[in-house]
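Me: I have a protein model open and would like to understand the words used to describe it. Could you go through them with me?

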Amino acid sequence: MPTPVTKSKPLPSATAPSRHVYDVIILGSQLGGALAAALLAKRGYSVLLVEHDGTGPGYEHDGFVLPYAPFIAPALKTMPAVEEAFTELGLTTMLQRNQQAHTPELQLVMPRHRVDLHADKARRRAELVREFGPEGERIQADLAATAMQHEPSDAFFKEQPPLPPDGLFEGWNLKKRVGQHPGLQTEPRLAGEDEPSKLLRGLLPFVNHLDQPTSPLARTRPLSQALQTPWRYPGGRDGLRKLLFERLTELGGDLLSPENTDTYVVEELHFEGGRFAAVKLLRSDTLYRASCLVSATDAGALRRLMTDRKKHRGLSEQLDLSTLKSFLFTVNWVLPEAVLPRGLGELLLADTQDPELGPLLLQQHPARTTEGKDDASLRVLCAGGFVPASVRDLGEPYLQTLAMRIDAHLDALMPFAKSKRLLRSAPYLDAGAVRGSRLMPHPHYVFDSEAVLGVTGLKQQTPTKNVLLAGREVLPGLGLEGEFLAGARATRLVQEMLKKKAVLKR
């Protein structure tokens with residue numbers, strides 16, 4: 001059974017911050033921005049974070065709070081530069097305490113096989129040999145090696161390289177550093193054409209934000225981190241975000257989010273000359289001013305807030321380099337725990353043999369009511385597969401068809417459970433009053449720009465000198481780690497821009 005979710009304290013209630021001028025405004029709810037906001041507040045800067053596109057702790061449907069998507073949280077030790085940032089914030093122990101292992105760590109379901117990949121190597125080896133005979137020994141060796149493949153590139157990222165580089169000097173400096181770390185070009189070990197190896201490679205889309213990663217680093221590092229410790233964090237991505245939000249407010253930063261105000265959506269950005277000046281919120285006449293803006297929302301969302309793009313053509317053209325190609329489409333089932341098949345994994349990767357859906361990732365969660373209570377007798381099964389972004393234009397009937405196709409795969413995994421389910425819900429169809437951009441918890445992008453090391457997207461520094469990017473489109477090939485690295489680097493860039501002496505807070 002899953003470990004009970006540790007309930008975090010509620011965020012403070014407020015209608016609007018008392019101050020209207022800040023050192024920096026963070027726009028958007030992505031994790032890079034949340035980390036940057038907390039770090040800057042820790043270092044003595046006045047910070048306002050406006051969530052704008054925040055999803056909150058899930059969406060409500062028929063009395064339950066349901067997840068937007070399955071989510072894997074690698075251990076901090078697999079992301080050393082991120083670990084340093086969390087240590088500075090005093091959050092490392094709390095993060096490690098709250099992370100939970102799945103039972104088994106990962107389950108693979110194929111047309112003719114089911115394999116439980118336990119953390120214990122002896123049990124894992126026995127399982128693979130039982131299913132695949134002598135070939136299981138090789139698969140076990142490849143899997144064990146893959147789970148360690150992030151380590152040769154750890155030292156490179158711990159140096160906090162300028163990714164993506166801005167200008168000739170940074171590009172030259174980065175090239176020199178890359179030459180000192182041959183581990184960045186290591187090809188994925190998990191290259192076999194056997195069923196489990198191909199399915200395990202199908203986990204990669206769930207742990208990065210590139211449409212078709214081709215570089216060794218983008219195909220190896222995120223997958224290696226996830227396979228070493230495919231843990232869950234209570235509340236998933238939103239739980240991590242809330243952890244950082246709470247630290248931000250403890251450090252004196254201001255937060256506008258759907259949990260503490262109804263005015264957290266930005267209506268437009270204000271510029272003075274060629275520089276960012278302020279944000280204006282919906283249903284508010286107040287302008288919140290700052291010396292710089294860090295955007296942690298998607299490029300398309302930021303672009304829509306620029307009322308005069310001709311005046312800021314450089315920024316607009318930079319944002320245009322990103323194109324959404326696909327997103328994670330999810331279906332939730334709420335079921336009594338008693339009807340789940342014996343041995344059903346808490347984290348399961350299934351080969352659907354559906355060329356459009358591809359692999360399906362399924363994660364079990366405790367059922368939570370809208371009153372905030374966990375019901376130990378119920379489980380939420382959250383299953384997602386990637387679909388082309390173009391399906392949004394095909395209308396609700398087609399999206400219903402997609403949901404029914406996922407239903408069919410869940411029905412095959414759990415015979416006789418469908419008739420006992422209490423609720424079937426798809427966020428894209430059933431999350432009421434939630435704007436469309438928030439229904440893409442895990443998008444994939446392509447970029448009309450050079451990808452350094454095959455992992456970069458949009459440059460963090462923009463032609464509007466006091467506007468920085470810290471969203472998932474900066475380092476899409478590094479997945480969750482890339483989001484946090486973008487936030488950490490944005491913090492350093494803000495400090496360089498403001499040239500203000502940092503005063504560390506406890």
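Reply: Happy to; here are some questions and answers about this predicted model.

Me: Why is Pro67 called buried?

Reply: Buried means under 20% relative accessible area. Pro67 has a value of 16%, so Pro67 is buried. You will find Pro67 in the loop between strand E4 (64-66) and helix H2 (80-88).

Me: How do you know that Phe484 is buried or exposed?

Reply: The same test applies: the limit for buried is under 20%, and Phe484 has a relative accessible area of 2%, so Phe484 counts as buried. Phe484 sits in helix H15 (residues 479-498). Across the protein, 60% of the 506 residues count as buried.

Me: Which residues are in contact with Phe484, leaving aside neighbours within four places in sequence?

Reply: A contact needs heavy atoms within 4.5 Å. With those neighbours left aside, Phe484 is in contact with Leu31, Leu35, Val82, Phe86, Leu240 and Leu244. Ala85 is 399 residues from Phe484 in sequence, yet their C-alpha atoms are 8.8 Å apart.

Me: And what does Pro67 touch, with its neighbours within four places left aside?

Reply: Pro67 is in contact with Tyr59, Asn332, His365, Val380, Cys382 and Pro427, once those neighbours are left aside. For Asn173, the picture is this: 106 residues from Pro67 in sequence, and 42 Å from Pro67 in space, C-alpha to C-alpha.

Me: What makes a set of residues a nonpolar core?

Reply: The members must be buried residues of the nonpolar kinds, joined through side-chain atoms within 4.5 Å. The largest such core has 88 residues, and Ile26, Phe86 and Leu269 have the most contacts inside it. Helix H1 (residues 31-42) gives the most to this core, with nine residues. A second, separate core has 28 residues, among them Val109, Ala350, Leu413 and Met440.

Me: Which residues does Leu269 touch, not counting those up to four places away in sequence?

Reply: Leu269 touches Leu27, Phe276, Ala278, Val279, Leu293, Leu302, Leu305 and Met306.

Conventions: Residues are numbered from 1 along each chain as its sequence is written. This is a predicted model: local features need pLDDT of at least 70, side-chain atom pairs count only at pLDDT 80 or more; totals for chains, interfaces and linings use all residues. Side-chain values use heavy atoms; hydrogens and water are left out. Buried means under 20% relative accessible area, exposed over 50%, partly exposed in between (1.4 Å probe, protein chains only). Helices (H or I, at least four residues) and strands (E, at least two) are DSSP runs, numbered from the N terminus.
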